[in-house]
Amino acid sequence: MPNIVIVPIDNRPVCYQLPKQISCLDKKNEVYLPDISLLGDLTKQADIEGIFSWLENVSNVDILILSLDTIAYGGLISSRRCKDSFELIKNRVDRLCEIIKSKNAQVYAFSSIMRISNNNINEEEKEYWTQYGKRIFEYSYNLHKMEKICDANNMVSCNCAATRIPDDILDDYLKTRKRNFEINKYYLELAKQGIFKTLVFSKDDCAQYGLNVKEAEELALLSSNIKNVFVKTGADEIPLTLLSRALNEKKKIKIAPLYINSDSVNKISKYEDVSVELSVKSQIELAGAKVSDVENCDMVLLVNNFKDEQGELVMGVDVELFKGELNLPNKPYFIADIVNANGADNNFIKALFQKDSLKEFYGYSAWNTTGNTLGSALACALIYFGARIPNENIFKNIQLIRFLDDWAYQANVRKKIRENSENLKNGAIYNEMAYFEKIIFDKFNIKNCKTEYNFPWNRFFEIKVSLKNVYANLPFVDILFCE
């Protein structure tokens, strides 16, 4: 019975609630997370001292899934904003190493490569992003592209962007990048010492070129001779993927990817820098599974992929949705719906729910980026499939939340209610979600289920879904650990 300790990136439901639930898909697992009040959010840094104290007092740890950003900077958002010096952050990391050595646990750690958002929204960035975000992205993109392909036009574009960014702002931005990059290189030194069983550097919201992509290439080169160090596209799903790896890497479950649009697997998703096919392959392997063909596989990963361009539901980019007949595999299968970034394909859900039975169904996901969707779908399916004592109640709870969140909310309700900021607090979401709740609960034969919705970061981008009375006498799943 492994004791699993998870230090999340922050307090969002997909970072805190979902890993807890997925861990409990096997009733044999014991799962521990710090109190959610200790974690960071959109505006608050994590209580790093509080997390240190909590970690020091957790006993009998077998597996530690660890967000290094939480310890180093106070969370993913704080990693881009905090002004702490390299020396202060390194001291925190060294203290963490002493705690790790005292636990004798297998440590699966991950650290982000600081993203470069391509818009002027400073919600998750420093204040100056409102004026200079696009220019910084343009500078970064063209500088790296010029270095890669030696194009004078890109040098001109880079210099043009740089002249439109005040020197003090560009200097601050580059210093923050350099500090974080040096910390990531320090993690490599620790990996050489055997501190981590697995270490992942995550490329968060990236494009084909950029200083973040350049750093990723350098980290990949520096780690080429270090065992179990990976550079992967993605972010929020990485702890889920590592959880799956920790629990399944010895089982080598064989996964066969099956694409709805098989001629388009070489297309690149939004916010990523690798093809869909490569993203799928790397996510499967990082999750501790093996890529296989349909004939010899244990499970099928059904990928509802886009034809030419991925849609983007938050930004209003519409694309052709699923059409035709949906043929489900006759083996255990799970679904990654990536036609859109930030929400489900309505046509695909309609076709899926028209099926009389979802026999051999091992999960669905369609949230945020392709990496987010793939990592969460894989973790749920692999851990449930490989469970010694599967927890069917938890599995159904997870699926209900994914359909309510990824389909009902992200693909439909969000765009209706976000036009009025008052809808963050007036309960309008309940009326809009009622139609979808009935469809989902009928499909899963759920009676007397009560839903609760809130906006944990006081914005429309994400919601927290809680369910009550899905099964008799079960509490809200957000406070449910294991039975």
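This is a predicted model: local features need pLDDT of at least 70, side-chain atom pairs count only at pLDDT 80 or more; totals for chains, interfaces and linings use all residues.

Reader: Where is N29 found, and what lies 2.8 Å from a polar atom of its side chain?

Author: N29 is found in the loop between α1 (17–23) and β2, and the backbone oxygen of S23 is the atom that lies 2.8 Å from a polar atom of the N29 side chain.

Reader: Is N261 buried or exposed, and which residues does it touch beyond its sequence neighbours?

Author: N261, which is found in the loop between β7 (254–259) and α11 (276–286), has a relative accessible area of 18%, so it is buried. Leaving aside residues up to four places away in sequence, N261 touches N305, F306 and K307, and its side chain reaches the backbone oxygen of N305 at 2.6 Å. The C-alpha atoms of N261 and V303 are separated by 8.4 Å, although the two residues are 42 residues apart along the chain.

Reader: How should I read a sheet, and in what order do the six strands of the open sheet run?

Author: A sheet is read from the pairing of its strands, taken in spatial order. Here the order is β2-β1-β3-β4-β5-β6, with parallel pairing. The edge strands, each pairing on one side only, are β2 and β6 (229–233), and the twist from one strand to the next averages 15°. Within this sheet, strand β4 (residues 106–113) and strand β5 (residues 198–203) pair in the parallel sense over six bridges, and V200 in β5 is the bridge partner of F110.

Reader: Which strands does α2 lie across, and which of its residues are buried?

Author: Helix α2 lies across β1, β2 and β3, and runs at about 170° to β1. In α2 (residues 48–57), the residues I48, G50, I51, F52, W54 and L55 are buried, and what covers them includes β1 (3–7), β2 (30–32), β3 (63–67), α3 (68–72) and α5 (86–103). Helix α8 (residues 167–192), for its part, lies across β4, β5 and β6, running at about 160° to β5.

Reader: How is a pair of aromatic rings described, and how many aromatic pairs does the structure hold?

Author: Such a pair is described by the distance of the ring centres and the angle of the planes. The structure holds 18 aromatic pairs. In one of them, the rings of Y362 and Y384 have their centres 5.6 Å apart and their planes at 55°, so the pair is tilted. Because Y362 lies in strand β13 (residues 361–365) and Y384 in helix α13 (residues 370–385), this pair ties together parts that are 22 residues apart in sequence. Y362 counts as buried at 17% relative accessibility, and Y384 counts as buried at 13%. F455 and F460 form an edge-to-face pair, with 5.7 Å from centre to centre and 80° between the planes; F455 and F460 are buried.

Reader: Which residues form one aromatic cluster, and over which ring does the charged end of R414 sit?

Author: One aromatic cluster is formed by F353, Y364, F403, W407, Y435, F436 and F444. The charged end of R414 sits over the ring of F461, at 5.6 Å from the centre of that ring.

Terms used. Residues are numbered from 1 along each chain as its sequence is written. Side-chain values use heavy atoms; hydrogens and water are left out. Buried means under 20% relative accessible area, exposed over 50%, partly exposed in between (1.4 Å probe, protein chains only). Helices (H or I, at least four residues) and strands (E, at least two) are DSSP runs, numbered from the N terminus. Contact means heavy atoms within 4.5 Å. A polar contact is a pair of N or O atoms within 3.5 Å; within protein, one must be able to donate a hydrogen and the other to accept it, and residues adjacent in sequence count only if both atoms are side-chain atoms. Rings of Phe, Tyr and Trp (its six-membered ring) pair if their centres lie within 6.5 Å; planes under 30 degrees apart count as stacked, over 60 as edge-to-face and the rest as tilted. A charge sits over a ring if NZ of Lys or CZ of Arg is within 6 Å of the ring centre and within 35 degrees of the ring normal. Two strands pair if DSSP finds at least two bridges between them. Axes are lines fitted to C-alpha atoms, for helices over the stretch in contact, and angles run from 0 to 180 degrees between N-to-C directions.
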